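Please find below my note on the ligand site of this entry.

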Amino acid sequence: MDEPAENPFTPIFGKIPAYMAGRTDLVDEMDFALKGSGNDPALVSVFVGARGAGKTALLSLFANMAEENGWVSARVTSSPDMLEEILLRINRGASHLIDGTPKRKLASVSIAPIGSLSWDNREDAKTSWRTRMDDVLDQLEEAGVGLVVTIDEVDPDLDEMTTLVTAFQHFLDENRKVALLMAGLPYGLTALLAGKTTSFLRRATRHDLASISDYEVAEAFRITMEKGGKALDDEALTVAVEAIGGFPYMFQLLGYRAWNLASDRTQVTAADIRSAAAIAQRELEERVYEATYYELTEADRAFLTAMLEDSRTTKQAALAKRLGKQSGHVSRYKKRLLKQGIISERAKGQLEFCLPGFREFFAAREAEVD
Ligand SMILES: Nc1ncnc2c1ncn2[C@@H]1O[C@H](COP(=O)(O)OP(=O)(O)OP(=O)(O)O)[C@@H](O)[C@H]1O
Ligand SMILES: [Mg+2]
């Protein structure tokens, strides 16, 4: 009678997992905020985490939850087109509420000449985005619907980011029912939050997506296996938790392989987990580390090699000497590597590898090359 169970693990970037490990408090907080009248501080939130920490999955889940609670959502990735993309997405998501061309009536009366004269002007183009959004928000408000915008992979160097954040500040001041949820690597968000024009974001709720605790990994792993019709004993679970090390992407890779290895059984053994962990580790290296490694330039690699001399934290000041370069060179490459999510700056001038496991991978690779 039962359908044959399917593999419940999702080792695909951006996929909402069958069971979200260790994010219960965040999910509850957002659920509460989305059910309220629209003034909960959680409605302006930023989610910060390393590659594979689960940022995109969370944004997607929250956008889905918002829609279930009667909001319209616009989900975009930070890019020069994102402002247009947001309007497009709203129109698509709310076509039944919005008359797709909010400007037409005005344009045919008096705005057209002014608009066409000043269209080349960047400032006016920006104001115009906010004005167009105001029209859209008026219409959503009439229908009693709020708007959630999610921005993934935040790039603080984009002008569009400033335009968007400034406009949101006004929408909030005007008591619009809007939410802004953003995610990115630590560097991107820290830079955005420190920006002058976007000072209101400092009031945003910042969530650091740290590694998931072993306890929560264990629970989620067992529950996900059960969703796929399988059980595991304590030893198997202990081995799995250790191999996962609190890293969501590894959770999915390992679970996926272990489930397949035990596909004709209902019990997953510690031996299954050990074999799966070896495959998963290789897949992690291929998909995350290899891709990251090949993007490095020679100067990036020299920088990281100089960092290997310290067991954990490297002082930026020490690097100039080790590399035999000016401090400007060090700052430039520090910024590149921060942006790629390979290193983080714990405190000013204190650098660390931050992508889990990449330090070891990098050291092994460089040893092969030499
Ligand atoms: N809380 C979680 N519990 C279990 N699995 C998760 C969790 N969060 C994310 N995942 C899974 O981990 C993988 C990576 O998630 P996601 O793509 O959201 O990461 P990311 O932080 O956006 O990474 P990137 O910085 O590379 O974009 C996906 O396969 C996803 O299904
Ligand atoms: Mg992502």
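Which element gives the most to the shell around ligand 1?

1. H10 gives the most, with four residues; helices here are DSSP runs (H or I) of at least four residues, numbered from the N terminus. This is a predicted model, in which local features need pLDDT of at least 70, side-chain atom pairs count only at pLDDT 80 or more, and totals for chains, interfaces and linings use all residues. Residues are numbered from 1 along each chain, chains are lettered from A and ligands numbered from 1 as written, and side-chain values use heavy atoms, without hydrogens and water.

2. Among the 24 residues around ligand 1, Thr10, Gly14, Lys15, Thr56 and Gln252 come nearest (near: a heavy atom within 4 Å). The shell comprises 14 nonpolar, six polar and four charged residues, with Gly counted as polar and Tyr, Cys and Pro as nonpolar.

3. A backbone N or O atom of Lys15 lies at 2.7 Å, a polar side-chain atom of Thr56 at 2.7 Å, and a polar backbone atom of Ala57 at 2.8 Å.

4. Domain 1 (24-208) and domain 2 (214-292) both give residues to the shell, so ligand 1 lies between them; the bounds come from an automatic or database domain assignment.

Key. Polar contact = N/O pair within 3.5 Å; in protein donor to acceptor, adjacent residues only side chain to side chain. Helix = DSSP H or I, 4+ residues; strand = E, 2+ residues; numbered from the N terminus.
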